[in-house]
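Welcome, and take a moment to look over the sequence and the model shown here. We will begin with confidence and then visit a few loops.

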Amino acid sequence: MKPLVILPLFLLGVYATPGPSLKVDSLYQAGKQSLYNGNYNDAFNAFIVIENLSESSGDSAMEALALRYLGEVCRATRQFDLGLNYLHDALAIAALRKDTQIIAESLNRISAIKFEMKGVNEATDLAEQSLRLSEQRHDIRLQASNLNILGAIYTGTGQFEKAASYYERARTATLLLPEKDQADLPNILYNMANNLYQLSKYREGLAYAKEAFDYASKNHVLAYELEAARMMLTGYKGLGDFQNALVYSAKVTWINEQFMTELKNAEGAVIE
């Protein structure tokens, strides 16, 4: 079975907002919530307005932050080239400002895109750079995201034991955070499940997949619900439990229809 590797959809850190106006702050919070909920159309619209307002007012810190989030919306909707453009713009502004937080976040998201584009070596180098910066800043959330990406890279290259150690470190780090900041936990858990499936350890993997599905369902994050449901389906098929596999096949179909509708809406927002 070819390894299916899933990367974090987003990094929703609530970092210090660099002096925004009330309007920008309201849009920023709404954009992040929309991104978390998988409402990519609304998220894109919010962050593009923030980017334009920040550029006009000369608020380069907020402009870089908006560009970073625009890059993530595009990554989540698989518009990779456009996402890279936004992220490189964010990186350039952050470098001028010597803003190591946005530099680290942008490197992290560029790494995720490069991996999904099969640029494994470049993705590894970028994730390791971001990991070093996040360790220097004691940013546990970003450390966990980078560890998860590196785990995904090693799963994809067939280094399953090495991947497992990175996933475990990512999970341990994430569980140190307050529950409200554990948005990427389902992603780590179903990556752990997938890694075990590559070793034909379906029963062990299913336990992680179920935990991921329950968490994602509780928080109503469509992208994570979809991938966790797919992991449940794969696990039950691997065990030969076709009755439960059929149940999750139906769930995958239903969630995917909702998710694809949101992706199409987001693509329309970018084109407009």
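Where pLDDT is low, the predicted coordinates should not be read in detail. For the chain, the mean pLDDT is 90, and 90% of its residues reach 70 or more.

This is a predicted model, in which local features need pLDDT of at least 70 and side-chain atom pairs count only at 80 or more, while totals for chains, interfaces and linings use all residues. Residues are numbered from 1 along each chain as its sequence is written, and side-chain values use heavy atoms, leaving out hydrogens and water.

Now to the loops. Gln 79 sits between helix H3 (60-76) and helix H4 (80-97); helices here are DSSP runs of H or I with at least four residues, numbered from the N terminus. Gln 79 is buried, at 18% relative accessible area (buried is under 20%, exposed over 50%, partly exposed in between, with a 1.4 Å probe and protein chains only). Its side chain makes a polar contact with the side chain of Thr 77, at 2.8 Å (a pair of N or O atoms within 3.5 Å, one able to donate a hydrogen and the other to accept it; residues adjacent in sequence count only if both atoms are side-chain atoms).

Further along, Ser 200 lies in the loop joining H9 (185-197) and H10 (202-219). Ser 200 has a positive phi near 60 degrees, though not a glycine, and is exposed at 52%. His 220, in the loop between H10 and H11 (222-239), has a positive phi near 55 degrees and is exposed at 56%.

Methods. Helix = DSSP H or I, 4+ residues; strand = E, 2+ residues; numbered from the N terminus. pLDDT = per-residue confidence, 0-100.
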